Amino acid sequence: MLWPFNHFRKPRSAPRGTIEAIYGMIVTQAREPLFYRDLAVPDTVNGRFDLLLMHLWLVLRRLKSVPAGKALSQALFDHFCNDMDDNLRELGVSDLKVPKKMQAFGEAFYGRTAAYDLALTEGHEALAQALCKNVLNGENIEKARRLAAYAEAVMAALDRQDEAALAGGSFKFPSPEQAGAQA
């Protein structure tokens, strides 16, 4: 028998293992040495955070277009927030300061994703400018253009993935060397 109020129930979220796999791929890709060695991404906490946000944005952007993408996107974003919270606590940030730091992370995420989304509507150079400002601290536009070419290659690769690969976390990021970011 169907329960008449099923539409009030919380929708099923993606399996935890899937979210952890996708998030793990994002973190691993953001740690690729080429970004820091050849593309001038600062090898600092902020530089790594900005590159993580870029990769998270790329995946979330693609997930918006699949039927199960809304729940998967939310679960992935929640996992990111939990990871940031855990990292702050490991770094010794006090319980009173964690919420303010988390708010700053949220503002950074939403500000950057809005800038990247807007830049996509304006073309490659606008994306390069947005990445230069947010990832490369406003320096080295040539490296930012290569980073934009990489981001565009990732978008194209993710667009080619079917829903099952995306929802199951079985896709792969293209290597930065093959995606236009080579030195």
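1. Asp78 lies in helix α4, helices being DSSP runs of H or I with at least four residues, numbered from the N terminus. Because its relative accessibility is 35%, Asp78 counts as partly exposed, a class that falls between buried (under 20% relative accessible area) and exposed (over 50%), with a 1.4 Å probe and protein chains only. Asp78 and Ile19 are 59 residues apart in sequence, yet their C-alpha atoms are 9.6 Å apart in space.

2. A word on the basis of these values: this is a predicted model, in which local features need pLDDT of at least 70 and side-chain atom pairs count only at pLDDT 80 or more, while totals for chains, interfaces and linings use all residues. Residues are numbered from 1 along each chain as its sequence is written, and side-chain values use heavy atoms, with hydrogens and water left out.

3. Helix α4 covers residues 69-90, and its 22 residues reach 31 Å from the first C-alpha to the last, close to the 32 Å expected, where the expected span is 1.5 Å times one less than the number of residues. Its buried residues include Leu76, Phe80, Met84 and Leu88. Asp85 also lies in α4 and, because its relative accessibility is 18%, counts as buried. Leaving aside neighbours within four places in sequence, Asp85 is in contact (heavy atoms within 4.5 Å) with Val98 and Met102. Just after α4, Gly92 takes a positive phi of about 90°.

4. Because 15 of its 19 residues are buried, α3 is largely enclosed by the rest of the structure.

5. The largest pocket holds about 630 Å³ of space; a pocket here is an open set of points on a 1 Å grid over the protein atoms alone, where a 1.4 Å probe fits, with protein on both sides within 12 Å along at least five of seven lines, and lining residues have an atom within 4 Å of a point. The volume is the space filled by probe spheres set on the points, which are joined across faces, edges and corners. Of the 26 lining residues, the closest to the centre are Val45, Arg48, Phe49, Met84 and Asn87. The largest share of the lining, 7 residues, comes from α3.

How values were computed:
Helices (H or I, at least four residues) and strands (E, at least two) are DSSP runs, numbered from the N terminus.
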